Amino acid sequence: MASKTDLVIVESPAKAKTIGKYLGPNYQVVASMGHVRDLPKSKLSVDVESGFAPNYQPIQGKEDIIRDLKRAAKKSDRVFLATDPDREGEAISWHLKELLELPDERTYRVTFNEITKKVVTESIAQPRAIDQNLVDAQQARRILDRIVGYELSPLLWKKIRRGLSAGRVQSVATRLVVEREEEIRAFESQEYWSIDVDFSRIAPNIGKFKASFHGKDKKLELHSRDEVDAVLSAVKGKDFTVSQVKRQDKLRNPAPPFITSTLQQEASRKLGMPPRRTMSIAQQLYEGVDITGEGTVGLITYMRTDSLRLSEEAIASARSFILSRYGQAYYPDKPRRYKTKSGAQDAHEAIRPSDVRLDPESIRKDLTAEQYKLYKLIWSRFLACQMASAVYDSVSIDVESAGYIFRANHSSVKFNGFTAVYEEGRDDEEEEIQSPLPDLKEGEGVKAENFTPEQHFTQPPARYTEATLIRALEEKGIGRPSTYAPTVSTIMDREYVIKEGRNLRPTPLGEVVTGLMRDKFPDVADPAFTARMEGRLDQVESGEENWVKLLDSFYGEFESNLKKVESELDGTRLKVPDEVSEEICPQCGKQLVVKSGRFGRFLACPGWPECDFTMPLVVEMPGKCPLCGGRILKRTGKSKKTGKQYTFYCCEHRSARDESKKCEFITWDVPVKDNCPVCGQTMFKTAGKGAHKPFCINEQCANFTPEEKRGGYRRRSAEGDAAEEKTPGKKTAAKKTAAKKTTARKTATKKTTTKKTAAKKTAAKK
């Protein structure tokens, strides 16, 4: 039986609470609050001349935590180091062992892929030694990134701007965004045409459908109006016959369970949750949440993983749940197993619920809104990955005339299968909804009622979103599960990349830094080189490569190249061009430029110091002002009452100095890109998280939606809040006066009550 003096050290108090409940009173479970030792920030702290020896120091501000850990360790017979089950967690355990001066015979390493009573007790019963290969891989990464950052950043300070930084992974991520922007700028649009035809049956005269031009024997693209006219003239007045009807059942298989990158992508797409926030909420679910009747429960398995592997126990549990809740039809004959891609570490299972029987709805009241949404996403994806395939009834009809083929397709759900629980999100726009097709027979004649040729132009590649950038990093082998979210956050915090709506766009600063890195340090900024380095770090983890030799092979060439670049750029300073906006300075008429300050980006006049005009950064929204047709802008304000920031939308002419142009349009509702199909005006949707249906605000339109039917939380008018920020109105002043009177009345009542109580006490004494 375990001694009462056994100590378990974890990283966070939440995890300590959960594990302490499972282990009972014979164990003391404490938290290190993450790292306790690291390379000091003030200097490089790596002796490159002595085998890249790191100078680790206790982290400032953690003196009390370290003292308490040392005291607890001295009183314990055994110390279990139970930090996170990855490279970084292994390194933290190693640092704890070194800092607390724990002897090998008293030190044990344990890991928990999920924090459940079964796994925790089994892991404690089967501890192991610290894996030095994992520690060395983490050390190599840490020192490699420190060398790149601390030796390149000063060069950026001298040649571009103070405060900049470079990083092995962040430089590559920025480069991907910059190169996508360069692709967009260099893109040359190509013309192409489509022809849609409205057909109807001849006998019986029921059943209309639409088909699109396909080609002849094979698909043919139309690139000009002349080619379209040639097709139309060839089929004009000719008979149209159904040449082929193809019907088949198509199976659609479920997506695999989540790994770190796909969880971040899907949370971004479906929940609008940034990667860093996703990982923070996932950490809470992993470490444990208080569930009514269950106590503290770790709801999901470890969330930093690139493995699609699922335990046999988890698969069996999911299949049993599917059979009991959804029935035999949704229960596939064989369990689904997913192959992890080559190069993945495969150290842990995929991300899944610890107990599939804890469905999201049953514990919703115990979770925050964000915890519930993310847990539901993970739970649904895991359950769906073990369910039967969805079956679609797919119909394709070819109509032929003069050798040309016009094709109509339709697909309908025959059996919903796994989609009863979950459907994967998409980065691109959804396909147009198709109308059902009539029951046509091959050889049947049809009548062409209307031809609709339409001109199109090819579109440039889409800008990256946080989700698609993470997908690109994963596909190219850049970084690892623990680095995706911090990398994306870093390049935005450094203002190398900014977020516009959902899209990421490089700033002029990001482009200048990337240009320098690409020209002068092609290895550091090269995606292929960075991916190869990740592979070598994996070899260090597996014991196939020595971490010091890895660093030495990189540093020699890097150092010589750095000196060469410093010599080439001696006396040179790279200028970051101003980011010119479309806004005009109302004082001097110049185009405003984007500047950065302590509180973020803003617009300023380039004529400073002669002109000192500044204003908040303008964010243009889709659509047009319903009153004057001007642009709709997104604005922010700060409530004088609560101090909270709020967002509203107004016409660009709201603050116009010219009274003839002034427009008073302002709203809390968010403008959308869709126009009302009846009146053509811009439509809006209610603000806030989640999906909200667009509505028309034009009271003269038959499609108008009254405010009480728009859904969402309705607050007082934007006009009122905006007016209050300038001068509190009469109603506000009246409310303040009434509040003062109420306070005075309460105070008087309190004093009277106090006097009466005192009088009673005096009388009682007498």
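This is a predicted model: local features need pLDDT of at least 70, side-chain atom pairs count only at pLDDT 80 or more; totals for chains, interfaces and linings use all residues.
**View 1. Lining of the largest cavity.** The space in the largest cavity amounts to about 40 Å³. Its lining consists of S171, T174, R175, V513, T514, M517 and A525. Helices α6 (170–186) and α14 (508–520) each contribute at least two residues to this lining. By class, the lining residues comprise 3 nonpolar, 3 polar and 1 charged.

**View 2. Packing of helix α3 against helix α5.** Helix α3 (residues 87–99) packs with helix α5 (residues 132–159) at an angle of about 105°, and the two axes lie 8 Å apart. The helices α3 and α5 are therefore roughly perpendicular. On the α3 side, the contact is formed by R87, E88, E90, A91 and W94; α5 contributes Q132, L134, V135, A137, Q138, Q139 and R141. This contact of α3 with α5 includes 5 nonpolar, 3 polar and 4 charged residues.

View 3. Six strands form a closed barrel in the order β9-β10-β15-β14-β11-β16, with antiparallel pairing. On average, neighbouring strands of this sheet are turned by 35° against each other, direction ignored. Helix α7 (residues 225–235) packs on the sheet and touches β9 (191–201), β10 (208–215), β11 (240–252), β14, β15 and β16 (445–457). The direction of α7 makes about 20° with that of β9.

**View 4. Pairing of strands β14 and β15.** Strand β14 (residues 390–401) pairs with strand β15 (residues 404–415) in the antiparallel sense over 11 bridges. The bridge partner of V395 in β15 is H410.

Note on methods. Residues are numbered from 1 along each chain as its sequence is written. Side-chain values use heavy atoms; hydrogens and water are left out. Axes are lines fitted to C-alpha atoms, for helices over the stretch in contact, and angles run from 0 to 180 degrees between N-to-C directions. Helices (H or I, at least four residues) and strands (E, at least two) are DSSP runs, numbered from the N terminus. Angles under 35 degrees count as roughly parallel, over 145 as roughly antiparallel, 65 to 115 as roughly perpendicular and the rest as oblique. Contact means heavy atoms within 4.5 Å. Ala, Val, Leu, Ile, Met, Phe, Trp, Tyr, Cys and Pro count as nonpolar, Asp, Glu, Lys and Arg as charged, and the others, Gly among them, as polar. On a 1 Å grid over the protein atoms alone, a cavity is a set of points where a 1.4 Å probe fits but cannot get out, and a pocket is an open set with protein on both sides within 12 Å along at least five of seven lines; lining residues have an atom within 4 Å of a point. Grid points are joined across faces, edges and corners, and a volume is the space filled by probe spheres set on the points. Two strands pair if DSSP finds at least two bridges between them.
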